[in-house]
Amino acid sequence: MGEKSRSRGWCGWIIVLIVLAVVVAAVVLTIKKKSNHSNEAAPVPGPPGAPVKKYGDALQIAMQFFDVQKSGELVDNKITWRGDSALKDGSEENLDLSKGMYDAGDHMKFGFPLAYTATMLSWAILEYGDQMDTVKQLEPAKDSLKWITDYLINAHPSANVLYVQVGDPESDHKCWERPEVMTEKRPLTQVNTSSPGTDVAAETAAAMASASLVFKKIDSKYSSTLLTHAKQLFTFADKYRGSYSESIPDVQTYYNSTGYGDELLWAASWLYHATKDQMYLQYVTEQNGKSYANWGSPTWFSWDNKLAGTQVLLSRIIFFDTKGLSDSSQSGIQMYRMTAEAVMCGLLSDSPTATSSRTDGGLIWVSEWNALQHPVASAFLAALYSDYMLTSRTAHLKCNSNSFSPADLRKFAQSQADYVLGSNPLEMSFLVGYGDKYPKYVHHRGASIPANAKTGCTDGFKWLNSTDPNPNVAIGGLVGGPFKNETYIDSRNNSMQGEPTTYNGALIVGLLSGLVTTSSAVQSFY
């Protein structure tokens with residue numbers, strides 16, 4: 001009896017110890033989950049490693065959309081169904097505006113989103129050029145960028161004049177024809193001192209400044225020309241303040257600007273990186289920062305709102321280059337970094353401040369029109385911030401009581417890219433030409449009409465309304481994307497979901513370039 005009691009006693013203690021061990025383990029796991037990672041920073045990545053095949057393949061496809069969209073006399077044309085077009089653009093003012101790129105599935109050249117395309121493509125090259133090069137996409141990226149910046153240089157014939165549009169959107173949209181056979185008048189629209197356009201002029205300054213860094217070691221004369229234009233445009237934008245949407249009411253239907261403060265900060269940030277002139281840093285950290293930066297309030301990055309991009313771009317100064325900065329400048333830049341981290345925390349699904357703006361499949365979803373712009377732009381910023389953290393050996397990002405690692409940000413970026421490439425409830429790719437299932441009825445004039453068809457302005461609408469898939473593939477186009485309920489209607493008349501845009505092309509190229517492989521971040525563009 002005594003032996004049995006002692007036995008039961010020992011068994012009881014063993015059970016108690018096991019329960020205690022389970023409880024302790026659970027507590028430890030909870031703490032680990034809350035902090036996510038150890039206090040040690042991950043190793044700094046080295047040179048670019050082997051490319052990830054799916055991202056490399058997708059990048060090679062996405063890069064081709066710039067060739068699809070090119071205007072002017074094509075050089076080394078790789079798109080068999082495209083030819084020379086819009087060769088007389090600008091001639092009424094004795095300007096050569098034949099280059100540049102068409103905005104989307106139409107034949108308009110809208111300067112505001114086109115300049116943003118150039119800025120984003122420049123940023124992608126500056127950050128990830130070595131990674132692009134692992135899949136031989138660096139040279140095509142630079143060639144496409146120069147095709148746009150050549151146009152932007154010519155669109156800025158004097159210090160306070162910038163041509164911001166070629167074509168009349170109303171008449172353009174009344175036609176369905178190939179760009180090679182256009183005969184309609186293509187009027188020019190400008191901003192100037194009496195009709196200001198701070199937003200578009202500042203975005204063009206950002207494009208020129210960022211591109212000047214891309215070409216600095218390749219063609220110093222061209223780089224210097226770009227920087228001169230950037231400085232002039234920024235001065236013009238800042239001195240003659242006013243929204244181009246108010247000066248040119250017709251643009252409100254297409255690319256309405258909701259404010260110009262973000263573009264001024266964006267342009268000044270790029271000019272600081274391009275010149276290291278403290279004047280531009282003071283501009284963003286002092287009164288203009290207080291007026292326009294909305295510190296502490298995360299926003300969505302897009303062609304219209306550059307604040308989140310500015311916050312990440314300026315954060316890299318804190319990560320890599322504080323030498324010589326005044327205390328006030330450092331304090332101001334820290335405010336941008338704080339807001340950039342609020343943006344990052346909103347993107348991470350396990351963060352206590354995570355946005356609810358997502359589909360059930362995990363895609364960031366903000367707008368019905370061109371739904372993929374925001375998730376792809378957000379993922380690009382997340383990939384950048386992850387790399388800044390890794391390279392600077394910053395172990396954690398704090399989101400209230402939780403902390404997250406650079407790997408968490410990269411996983412988020414990958415999740416958005418993977419959704420675009422087919423890991424979604426529809427099991428389809430939204431990148432035209434990638435995978436076995438992608439949109440076949442893309443809203444794109446040139447892609448929808450056979451290259452040998454003879455059409456005028458209006459008789460081409462039979463191709464818009466045709467039930468046959470597009471005869472030409474708008475290779476690399478990123479379409480608008482799914483509805484919130486993760487449905488997609490593949491119809492040529494569905495421009496809300498099915499129209500690819502040139503600026504979307506720059507965003508997906510940037511994201512894929514960041515994911516194609518890993519390497520340490522570039523610590524200085526200068």
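Is Lys109 buried or exposed? At 0% relative accessibility, Lys109 counts as buried. The model discussed here is predicted.

**Lys109 and its polar contacts**

- Lys109 belongs to strand β1, which covers residues 109-110.
- Its side chain makes a polar contact with the side chain of Asp89, at 2.9 Å.
- The side chain of Lys109 also reaches a backbone atom, the oxygen of Lys99, at 2.8 Å.

- Helix α7 runs over residues 198-214. Its 17 residues should span 24 Å at 1.5 Å a residue, and this agrees with its end C-alpha atoms, which are 24 Å apart.
- In α7, 17 of the 17 residues are buried, so the helix is largely enclosed by the rest of the structure.
- Helix α21 runs over residues 502-515. Its 14 residues should span 20 Å at 1.5 Å a residue, and the end C-alpha atoms are 20 Å apart, in agreement with that value.
- Helix α21 is mostly covered, with 14 of its 14 residues buried.

**How helices pack**

Two packed helices are described by the angle between their axes and by the distance between the axes.

*α17 and α21*

- Helix α17 (residues 406-421) packs with α21 at an angle of about 125°, and the axes are 10 Å apart.
- The crossing of α17 and α21 is left-handed.
- On the α17 side, the contact is made by Arg410, Ala413, Gln414, Ala417, Val420 and Leu421. On the α21 side, the residues are Ile508, Leu511, Leu512, Gly514 and Leu515.

*α12 and α15*

- Helix α12 (residues 278-285) and helix α15 (residues 327-347) have axes 9 Å apart and pack at an angle of about 55°.
- At this angle α12 is oblique to α15.
- The crossing in which α12 passes α15 is left-handed.
- Leu281, Val284 and Thr285 of α12 make the contact with Ser329, Gly332, Ile333 and Tyr336 of α15.

*α4 and α16*

- The axes of helix α4 (residues 111-133) and α16 cross at roughly 30° and come within 12 Å.
- Helix α4 is roughly parallel to α16, because angles under 35 degrees count as roughly parallel.
- The crossing of α4 and α16 is left-handed.
- From α4, the contact involves Met120, Trp123, Ala124, Glu127 and Tyr128. From α16, it involves Phe380, Leu381, Ala383, Leu384, Asp387 and Tyr388.

**Buried residues in helices**

- Ser448 is found in helix α18, which covers residues 445-448. With a relative accessibility of 2%, Ser448 counts as buried.
- A polar atom of the Ser448 side chain lies 2.9 Å from the backbone oxygen of Arg445.
- Leaving aside residues up to four places away in sequence, Ser448 touches Trp176, Trp463, Asn470, Pro471 and Arg492.
- Ile153 is found in helix α5, which covers residues 138-154. Its relative accessible area is 15%, so Ile153 is buried, the cut-off being under 20%.
- Ile153 touches Met208, Tyr222, Thr225, Leu226 and His229, again leaving aside residues up to four places away in sequence.
- Thr225, one of these contacts, is 72 residues from Ile153 in sequence, and their C-alpha atoms are 8.4 Å apart in space.

**Loop residues with positive phi**

- Asn370 lies in the loop between α15 and α16 (373-391). Phi of Asn370 is near 50°, a positive value in a residue other than glycine.
- With 9% relative accessibility, Asn370 counts as buried.
- Glu486 is in the loop between α19 (461-464) and α20 (495-498). Its phi is near 65°, which is positive in a residue other than glycine.
- Glu486 counts as buried, at 9% relative accessibility.

Terms used
Residues are numbered from 1 along each chain as its sequence is written. This is a predicted model: local features need pLDDT of at least 70, side-chain atom pairs count only at pLDDT 80 or more; totals for chains, interfaces and linings use all residues. Side-chain values use heavy atoms; hydrogens and water are left out. Helices (H or I, at least four residues) and strands (E, at least two) are DSSP runs, numbered from the N terminus. Buried means under 20% relative accessible area, exposed over 50%, partly exposed in between (1.4 Å probe, protein chains only). A polar contact is a pair of N or O atoms within 3.5 Å; within protein, one must be able to donate a hydrogen and the other to accept it, and residues adjacent in sequence count only if both atoms are side-chain atoms. Contact means heavy atoms within 4.5 Å. The expected span of a helix is 1.5 Å times one less than its number of residues. Axes are lines fitted to C-alpha atoms, for helices over the stretch in contact, and angles run from 0 to 180 degrees between N-to-C directions. Angles under 35 degrees count as roughly parallel, over 145 as roughly antiparallel, 65 to 115 as roughly perpendicular and the rest as oblique. A crossing is left-handed if the near helix is turned anticlockwise from the far one by less than a right angle, and right-handed if clockwise.
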